[in-house]
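Here is a friendly walk through one protein model, from its strands to its rings and charges. Have the viewer open beside the text as you read.

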Amino acid sequence: AYKSDNWIVENCVSTDDDDAIHTDAGSTASNAIIRYNRIYNAKPGSSAIGVGSLAAGATIKVYYNLIVNASGEAFSSYSMNNGSVLVYNNTMYLDKVSGTNGVVYLEHGSNFVFKNNIIVRDGSNLKTLFAVLSTDFPISNYNQFYQSNAGPSSFRTFYKGSYYTALAAWTKVTSQDTKSQVGDP
């Protein structure tokens, strides 16, 4: 969806597609809902759900989606935005060969809220669950994190140039995820 307003994507199935569900409001105030979708195997160089530019006052709601494998990320922000992005009650899973970045990869933007999500990754301890790069840190809580077959740690995140392999360290630095858990869901 490009420069669209008040749209809903729901009950869709995307399998082996490039850019499964993406929105880019072109820096305009645009509102959207992405809910009850199932996304499988997003193709190379793409994330399953991506949010581009968004003006202040706009809101994108992403909830109750199932994402299984993406060559990029399960959820990403790929352009500067000033709107609100609410990500609730999603299940995101990447296997050991998918996902070049984090399961959640926030490169740009602000005003993100992540709550009640299950964020899982299978693979080596060099893969990341949640990565926050040049954006303000989101509100994040009540999430379930798990990285299977990861060696000594089932948790790996990235913030401001550093990796964290324990939820307690992540919470201390970010002041978020105080009610989140690490463990096999």
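Helices (H or I, at least four residues) and strands (E, at least two) are DSSP runs, numbered from the N terminus. The model is a predicted one, in which local features need pLDDT of at least 70 and side-chain atom pairs count only at pLDDT 80 or more, while totals for chains, interfaces and linings use all residues. Residues are numbered from 1 along each chain as its sequence is written, and side-chain values use heavy atoms, with hydrogens and water left out.

**Backbone and strands**

Asn89 is not a glycine, yet it has a positive phi of about 55 degrees. Its relative accessibility is 26%, so Asn89 counts as partly exposed; here buried means under 20% relative accessible area, exposed over 50%, and partly exposed in between (1.4 Å probe, protein chains only). Asn41, not a glycine either, has a positive phi of about 55 degrees. Asn41 sits in strand E5 (residues 38-42), and its 32% relative accessibility makes it partly exposed.

Strand E5 runs parallel to strand E8 (residues 66-70), and four bridges join them; two strands pair if DSSP finds at least two bridges between them. In this pairing Ile39 stands opposite Ile67 of E8. E8 also pairs with E11 in the parallel sense, over three bridges, and there Ile67 stands opposite Met92.

**Aromatic rings**

How many aromatic pairs does the structure hold? There are 16, where rings of Phe, Tyr and Trp (its six-membered ring) pair if their centres lie within 6.5 Å; planes under 30 degrees apart count as stacked, over 60 as edge-to-face and the rest as tilted. Two of the pairs are set out here.

| Pair | Centre to centre | Angle of planes | Class |
|---|---|---|---|
| Phe75 and Phe112 | 6.5 Å | 85 degrees | edge-to-face |
| Phe145 and Phe155 | 5.4 Å | 85 degrees | edge-to-face |

Phe75 lies in strand E9 (residues 75-77) and Phe112 in strand E13 (residues 112-115), so this pair ties together parts that are 37 residues apart in sequence. Both Phe75 and Phe112 are buried. Phe145 belongs to strand E17 (residues 144-148), and Phe155 to the loop between E17 and strand E18 (157-159), so parts ten residues apart in sequence are tied together. Phe145 and Phe155 are buried too.

Ring pairs link a cluster whose members include Phe75, Phe112, Phe145, Phe155 and Trp170. Phe75, Phe130 and Trp170 touch the most other members of the largest nonpolar core, which has 39 residues; such a core is a set of buried Ala, Val, Leu, Ile, Met, Phe, Trp, Tyr and Cys residues joined through side-chain atoms within 4.5 Å.

Which residue forms a salt bridge with Arg35? The partner is Glu10, with the closest N and O atoms 2.7 Å apart; a salt bridge is a side-chain nitrogen of Lys or Arg within 4 Å of a carboxyl oxygen of Asp or Glu. A search of the whole structure finds one salt bridge. Arg35 lies in strand E4 (residues 32-35) and Glu10 in strand E1 (residues 7-10), so the pair ties together parts 25 residues apart in sequence. Arg35 is buried, with a relative accessible area of 19%, whereas Glu10 counts as partly exposed at 33% relative accessibility.
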